[in-house]
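Dear colleague,

My notes on the ligand and the pockets follow it.

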Amino acid sequence: MAQETLFLADLHLREQAPEVTRRLLALEPRLAKAQAVYILGDLVEAWIGDDAPIDPDLLPAFALLQRLNEAGVPVYLQHGNRDFLIGPRLARRFGFRLLSEEVVVDLYGQPVALAHGDQLCTDDLAYQRLRRRLRHPITRFILQHLPLGLRRKLAAGLRERSRKATGHKDAGIMDVNPDTVTTFMQRLGVKVLIHGHTHRPAIHHEDGRLRAVLGDWEDGAVLLCATADGLRLERIEDAGTTTVLAEATWPLIPPAGA
Ligand code: LP5
(Lines give C-alpha, C1' and ligand atoms only; values in the text may rest on other atoms or scores of the structure.)
Protein backbone atom coordinates (compact mmCIF):
# COMPACT_ATOMS: atom_id res chain seq x y z
CA MET A 1 0.00 0.00 0.00
CA ALA A 2 1.27 3.50 -0.88
CA GLN A 3 2.43 5.47 2.13
CA GLU A 4 -0.25 7.75 3.51
CA THR A 5 -0.39 11.14 5.16
CA LEU A 6 -3.46 11.15 7.40
CA PHE A 7 -5.65 14.05 8.48
CA LEU A 8 -8.30 14.06 11.19
CA ALA A 9 -10.21 16.61 13.26
CA ASP A 10 -13.18 17.15 15.55
CA LEU A 11 -12.92 14.01 17.66
CA HIS A 12 -14.08 15.98 20.73
CA LEU A 13 -12.60 13.30 22.99
CA ARG A 14 -14.46 13.21 26.29
CA GLU A 15 -15.24 11.03 29.24
CA GLN A 16 -18.88 10.65 28.13
CA ALA A 17 -17.96 9.17 24.73
CA PRO A 18 -15.42 6.37 25.27
CA GLU A 19 -16.36 4.97 21.84
CA VAL A 20 -14.55 7.88 20.16
CA THR A 21 -11.33 7.06 22.02
CA ARG A 22 -11.80 3.40 21.04
CA ARG A 23 -12.18 4.45 17.38
CA LEU A 24 -8.89 6.30 17.53
CA LEU A 25 -7.07 3.45 19.27
CA ALA A 26 -8.42 0.96 16.74
CA LEU A 27 -6.67 2.94 14.01
CA GLU A 28 -3.25 2.66 15.64
CA PRO A 29 -1.83 0.06 13.20
CA ARG A 30 -2.69 2.33 10.27
CA LEU A 31 -1.57 5.56 11.95
CA ALA A 32 1.72 3.89 12.89
CA LYS A 33 2.46 3.27 9.20
CA ALA A 34 1.65 6.84 8.11
CA GLN A 35 4.20 9.29 6.83
CA ALA A 36 2.69 11.91 9.13
CA VAL A 37 -0.53 12.47 11.09
CA TYR A 38 -2.21 15.89 11.17
CA ILE A 39 -4.91 16.67 13.74
CA LEU A 40 -6.68 19.82 12.57
CA GLY A 41 -8.28 20.92 15.83
CA ASP A 42 -10.85 19.89 18.42
CA LEU A 43 -9.07 16.71 19.41
CA VAL A 44 -10.74 17.13 22.80
CA GLU A 45 -14.11 18.44 23.91
CA ALA A 46 -12.70 21.30 25.99
CA TRP A 47 -9.14 22.07 27.07
CA ILE A 48 -8.72 24.43 30.00
CA GLY A 49 -4.91 24.50 30.17
CA ASP A 50 -1.90 22.19 30.22
CA ASP A 51 -1.65 22.52 34.00
CA ALA A 52 -5.03 20.83 34.55
CA PRO A 53 -4.91 17.11 35.38
CA ILE A 54 -5.69 15.06 32.27
CA ASP A 55 -8.93 13.14 32.46
CA PRO A 56 -7.96 9.44 32.83
CA ASP A 57 -10.33 8.63 29.95
CA LEU A 58 -8.27 10.84 27.61
CA LEU A 59 -4.86 9.49 28.59
CA PRO A 60 -4.96 6.47 26.23
CA ALA A 61 -5.45 8.82 23.26
CA PHE A 62 -2.52 11.03 24.27
CA ALA A 63 -0.42 7.93 24.94
CA LEU A 64 -1.16 6.84 21.38
CA LEU A 65 0.19 10.15 20.05
CA GLN A 66 3.30 9.57 22.12
CA ARG A 67 3.75 6.03 20.74
CA LEU A 68 3.39 7.36 17.19
CA ASN A 69 6.07 9.95 17.85
CA GLU A 70 8.37 7.33 19.39
CA ALA A 71 7.80 5.11 16.34
CA GLY A 72 9.00 7.98 14.12
CA VAL A 73 5.59 9.15 12.86
CA PRO A 74 5.42 12.95 13.20
CA VAL A 75 2.14 14.06 14.75
CA TYR A 76 1.07 17.66 14.12
CA LEU A 77 -1.73 19.38 16.00
CA GLN A 78 -3.56 22.55 15.11
CA HIS A 79 -5.83 24.30 17.60
CA GLY A 80 -9.60 24.14 17.27
CA ASN A 81 -12.21 26.30 18.99
CA ARG A 82 -12.43 23.73 21.82
CA ASP A 83 -8.72 23.21 22.48
CA PHE A 84 -6.96 26.46 21.66
CA LEU A 85 -5.41 26.39 25.15
CA ILE A 86 -3.33 23.30 24.36
CA GLY A 87 0.22 24.53 24.78
CA PRO A 88 3.85 23.52 24.40
CA ARG A 89 3.88 21.74 27.76
CA LEU A 90 1.36 19.12 26.59
CA ALA A 91 3.04 18.92 23.18
CA ARG A 92 6.42 18.19 24.80
CA ARG A 93 4.90 15.61 27.15
CA PHE A 94 3.27 13.59 24.37
CA GLY A 95 5.68 14.35 21.56
CA PHE A 96 3.43 16.15 19.09
CA ARG A 97 4.18 19.39 17.28
CA LEU A 98 1.89 22.40 17.51
CA LEU A 99 1.03 24.15 14.26
CA SER A 100 -0.11 27.74 13.94
CA GLU A 101 -3.76 28.38 13.03
CA GLU A 102 -3.01 28.53 9.30
CA VAL A 103 -0.13 26.69 7.67
CA VAL A 104 0.90 25.62 4.21
CA VAL A 105 2.49 22.19 3.87
CA ASP A 106 3.94 20.43 0.85
CA LEU A 107 1.81 17.40 0.06
CA TYR A 108 3.38 15.29 -2.68
CA GLY A 109 4.60 18.42 -4.45
CA GLN A 110 1.39 20.43 -3.97
CA PRO A 111 1.21 23.37 -1.54
CA VAL A 112 -1.78 22.68 0.70
CA ALA A 113 -3.25 24.99 3.35
CA LEU A 114 -4.39 23.52 6.67
CA ALA A 115 -6.75 25.22 9.11
CA HIS A 116 -9.29 24.20 11.73
CA GLY A 117 -11.85 26.11 9.67
CA ASP A 118 -13.68 28.14 12.33
CA GLN A 119 -11.93 31.31 11.15
CA LEU A 120 -13.62 30.82 7.75
CA CYS A 121 -17.17 30.85 9.19
CA THR A 122 -17.36 34.63 9.00
CA ASP A 123 -21.17 34.81 8.63
CA ASP A 124 -21.39 33.62 12.24
CA LEU A 125 -20.78 37.06 13.69
CA ALA A 126 -21.54 36.09 17.30
CA TYR A 127 -19.00 33.28 17.12
CA GLN A 128 -16.34 35.45 15.46
CA ARG A 129 -16.79 38.00 18.26
CA LEU A 130 -16.38 35.27 20.87
CA ARG A 131 -13.34 33.91 18.99
CA ARG A 132 -11.63 37.29 18.90
CA ARG A 133 -12.19 37.73 22.62
CA LEU A 134 -11.06 34.24 23.66
CA ARG A 135 -7.99 34.18 21.42
CA HIS A 136 -6.79 37.61 22.48
CA PRO A 137 -3.39 37.13 24.18
CA ILE A 138 -4.55 39.08 27.25
CA THR A 139 -7.70 36.93 27.63
CA ARG A 140 -5.66 33.76 27.18
CA PHE A 141 -3.17 34.94 29.79
CA ILE A 142 -5.97 35.70 32.25
CA LEU A 143 -7.82 32.44 31.57
CA GLN A 144 -4.67 30.40 32.08
CA HIS A 145 -4.06 32.02 35.45
CA LEU A 146 -7.55 31.50 36.85
CA PRO A 147 -8.07 28.75 39.45
CA LEU A 148 -8.82 25.39 37.84
CA GLY A 149 -12.31 25.14 39.35
CA LEU A 150 -13.28 28.50 37.88
CA ARG A 151 -11.84 27.53 34.48
CA ARG A 152 -13.91 24.33 34.50
CA LYS A 153 -17.03 26.34 35.30
CA LEU A 154 -16.27 28.85 32.57
CA ALA A 155 -15.67 26.14 29.99
CA ALA A 156 -18.90 24.34 30.96
CA GLY A 157 -20.79 27.66 30.82
CA LEU A 158 -19.40 28.43 27.39
CA ARG A 159 -20.32 24.99 26.10
CA GLU A 160 -23.84 25.43 27.42
CA ARG A 161 -24.21 28.88 25.83
CA SER A 162 -22.79 27.53 22.59
CA ARG A 163 -25.12 24.50 22.55
CA LYS A 164 -28.13 26.77 22.99
CA ALA A 165 -26.89 29.27 20.39
CA THR A 166 -26.06 26.68 17.72
CA GLY A 167 -29.48 25.08 18.26
CA HIS A 168 -31.06 28.29 16.98
CA LYS A 169 -28.59 29.32 14.29
CA ASP A 170 -29.29 28.85 10.60
CA ALA A 171 -27.12 25.99 9.29
CA GLY A 172 -25.80 28.20 6.46
CA ILE A 173 -24.37 30.70 8.91
CA MET A 174 -22.33 27.93 10.53
CA ASP A 175 -20.66 26.94 7.26
CA VAL A 176 -17.62 28.61 5.73
CA ASN A 177 -18.15 31.83 3.79
CA PRO A 178 -17.12 31.24 0.14
CA ASP A 179 -15.55 34.69 -0.29
CA THR A 180 -13.58 34.28 2.92
CA VAL A 181 -12.30 30.91 1.67
CA THR A 182 -11.26 32.44 -1.67
CA THR A 183 -9.42 35.32 0.00
CA PHE A 184 -7.80 32.96 2.50
CA MET A 185 -6.52 30.61 -0.21
CA GLN A 186 -5.34 33.45 -2.43
CA ARG A 187 -3.48 35.03 0.47
CA LEU A 188 -1.73 31.73 1.20
CA GLY A 189 -1.09 31.08 -2.49
CA VAL A 190 -2.72 27.63 -2.54
CA LYS A 191 -5.23 25.77 -4.67
CA VAL A 192 -5.93 23.13 -2.03
CA LEU A 193 -7.27 23.60 1.49
CA ILE A 194 -8.00 20.98 4.15
CA HIS A 195 -10.07 21.95 7.18
CA GLY A 196 -12.52 20.67 9.77
CA HIS A 197 -14.92 22.37 12.22
CA THR A 198 -18.12 22.36 10.15
CA HIS A 199 -18.70 18.59 10.45
CA ARG A 200 -19.69 18.43 6.78
CA PRO A 201 -17.22 15.92 5.33
CA ALA A 202 -16.79 16.40 1.59
CA ILE A 203 -14.34 17.30 -1.16
CA HIS A 204 -15.47 20.45 -2.96
CA HIS A 205 -14.20 21.67 -6.32
CA GLU A 206 -14.81 25.42 -6.41
CA ASP A 207 -13.52 27.80 -9.11
CA GLY A 208 -10.31 25.89 -9.79
CA ARG A 209 -9.70 25.24 -6.10
CA LEU A 210 -10.18 22.15 -3.99
CA ARG A 211 -11.46 22.19 -0.42
CA ALA A 212 -11.43 18.96 1.57
CA VAL A 213 -13.56 19.05 4.72
CA LEU A 214 -13.00 16.56 7.53
CA GLY A 215 -15.87 15.18 9.58
CA ASP A 216 -16.54 14.64 13.27
CA TRP A 217 -16.25 11.18 14.81
CA GLU A 218 -19.75 10.77 16.23
CA ASP A 219 -20.77 7.96 13.84
CA GLY A 220 -17.37 6.50 13.10
CA ALA A 221 -13.81 7.62 12.44
CA VAL A 222 -13.35 10.06 9.56
CA LEU A 223 -9.93 10.20 7.93
CA LEU A 224 -8.60 12.08 4.96
CA CYS A 225 -5.86 10.03 3.43
CA ALA A 226 -3.34 11.64 1.07
CA THR A 227 -1.03 9.52 -1.05
CA ALA A 228 1.04 10.11 -4.15
CA ASP A 229 -2.16 9.20 -6.05
CA GLY A 230 -4.50 11.80 -4.51
CA LEU A 231 -6.92 12.32 -1.65
CA ARG A 232 -9.51 9.94 -0.22
CA LEU A 233 -12.02 10.84 2.47
CA GLU A 234 -13.10 7.78 4.44
CA ARG A 235 -15.55 6.93 7.18
CA ILE A 236 -14.55 3.84 9.15
CA GLU A 237 -17.44 2.21 11.01
CA ASP A 238 -16.90 0.50 14.35
CA ALA A 239 -17.32 -2.89 12.66
CA GLY A 240 -14.35 -2.01 10.46
CA THR A 241 -16.29 -1.29 7.26
CA THR A 242 -14.79 1.61 5.31
CA THR A 243 -16.96 3.91 3.18
CA VAL A 244 -15.22 6.22 0.73
CA LEU A 245 -17.05 9.54 1.11
CA ALA A 246 -15.14 11.37 -1.64
CA GLU A 247 -11.98 11.10 -3.73
CA ALA A 248 -9.75 13.28 -5.87
CA THR A 249 -6.74 12.19 -7.85
CA TRP A 250 -3.64 14.23 -8.60
CA PRO A 251 -3.50 16.66 -10.19
CA LEU A 252 -6.31 17.65 -7.81
CA ILE A 253 -6.91 20.74 -9.88
CA PRO A 254 -7.18 19.76 -13.53
CA PRO A 255 -5.42 22.22 -15.88
CA ALA A 256 -7.78 24.71 -17.57
CA GLY A 257 -9.55 23.12 -20.54
CA ALA A 258 -8.84 19.53 -19.41
O1 LP5 B 1 -18.16 24.17 19.66
P2 LP5 B 1 -19.29 24.02 18.70
O3 LP5 B 1 -18.85 23.37 17.44
O4 LP5 B 1 -20.47 23.38 19.32
O5 LP5 B 1 -19.76 25.50 18.36
C6 LP5 B 1 -18.81 26.38 17.81
C7 LP5 B 1 -18.98 27.74 18.43
N8 LP5 B 1 -18.89 27.66 19.87
C9 LP5 B 1 -17.71 27.72 20.51
C10 LP5 B 1 -17.74 27.66 22.00
C11 LP5 B 1 -17.19 26.34 22.43
O12 LP5 B 1 -18.09 25.29 22.17
C13 LP5 B 1 -16.87 26.38 23.92
C14 LP5 B 1 -15.55 25.78 24.13
C15 LP5 B 1 -15.19 25.77 25.57
C16 LP5 B 1 -13.86 25.11 25.78
C17 LP5 B 1 -12.68 26.01 25.61
C18 LP5 B 1 -12.09 26.47 26.87
C19 LP5 B 1 -12.28 27.94 27.01
C20 LP5 B 1 -11.55 28.48 28.14
C21 LP5 B 1 -12.40 28.66 29.35
C22 LP5 B 1 -11.67 28.55 30.62
C23 LP5 B 1 -10.26 28.34 30.68
O24 LP5 B 1 -16.65 27.79 19.92
C25 LP5 B 1 -20.30 28.33 18.06
C26 LP5 B 1 -20.41 28.38 16.54
C27 LP5 B 1 -20.25 26.96 16.00
O28 LP5 B 1 -18.97 26.45 16.41
C29 LP5 B 1 -20.31 26.91 14.47
O30 LP5 B 1 -19.21 27.60 13.91
O31 LP5 B 1 -21.66 28.91 16.19
O32 LP5 B 1 -20.32 29.67 18.54
C33 LP5 B 1 -21.27 30.04 19.44
O34 LP5 B 1 -22.19 29.31 19.69
C35 LP5 B 1 -21.06 31.38 20.06
C36 LP5 B 1 -22.37 32.03 20.42
O37 LP5 B 1 -23.05 32.43 19.26
C38 LP5 B 1 -22.13 33.22 21.32
C39 LP5 B 1 -21.83 32.79 22.72
C40 LP5 B 1 -21.67 34.01 23.60
C41 LP5 B 1 -20.96 33.67 24.88
C42 LP5 B 1 -20.50 34.92 25.54
C43 LP5 B 1 -19.56 34.62 26.65
C44 LP5 B 1 -18.47 35.64 26.69
C45 LP5 B 1 -17.33 35.13 27.53
C46 LP5 B 1 -16.06 35.84 27.24
C47 LP5 B 1 -14.94 35.24 28.07
C48 LP5 B 1 -13.70 36.01 27.95
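By class, the shell around the ligand comprises 12 nonpolar, five polar and seven charged residues. Please bear in mind that the model is a predicted one. In total, 24 residues surround the ligand, and the closest of them are Arg 82, Asp 124, Arg 159, Lys 169 and His 197.

Asp 124, already named among the closest residues, has a polar side-chain atom 2.6 Å from an oxygen atom of the ligand. His 197 also belongs to that closest group; an N or O atom in the side chain of His 197 is 2.8 Å from an oxygen atom of the ligand. In the case of Ser 162, an N or O atom of the side chain is 2.8 Å from a nitrogen atom of the ligand. Taken alone, the ligand exposes 1100 Å², and the protein buries 85% of that area.

As to where the ligand is found, it sits in the largest pocket. Two elements give two or more residues to the shell around the ligand, namely α5 (125–135) and α7 (148–168). Of the elements, α7 gives the most to this shell, with eight residues.

I turn now to the largest pocket itself. The volume of this pocket is about 1100 Å³. Its lining consists of 39 residues, and those that lie nearest its centre are Asn 81, Tyr 127, Leu 130, Leu 158 and Ser 162. The elements that give two or more residues to this lining are α5 and α7, with the largest share, 10 residues, coming from α7. Sorted by class, the lining of the largest pocket has 16 nonpolar, seven polar and 16 charged residues.

The second largest pocket holds about 500 Å³ of space. It is lined by 20 residues, of which Glu 45, Ala 46, Trp 47, Ile 48 and Asp 55 are the closest to its centre. This lining divides into 11 nonpolar, two polar and seven charged residues.

With kind regards

Technical notes
Residues numbered from 1 in each chain as written. Predicted model: local features only at pLDDT ≥ 70, side-chain atom pairs only at ≥ 80, totals over all residues. Heavy atoms only, no water. Near = heavy atom within 4 Å. Polar contact = N/O pair within 3.5 Å; in protein donor to acceptor, adjacent residues only side chain to side chain. Areas by Shrake-Rupley, 256 points an atom, 1.4 Å probe, with all protein chains shown as cover. 1 Å grid on protein atoms, 1.4 Å probe; cavity = no way out; pocket = protein on both sides within 12 Å on 5 of 7 lines; lining within 4 Å. Sits in = over half its atoms within 2 Å of the grid points. Helix = DSSP H or I, 4+ residues; strand = E, 2+ residues; numbered from the N terminus. Nonpolar A, V, L, I, M, F, W, Y, C, P; charged D, E, K, R; others polar. Points joined across faces, edges and corners; volume = space filled by probe spheres on them.
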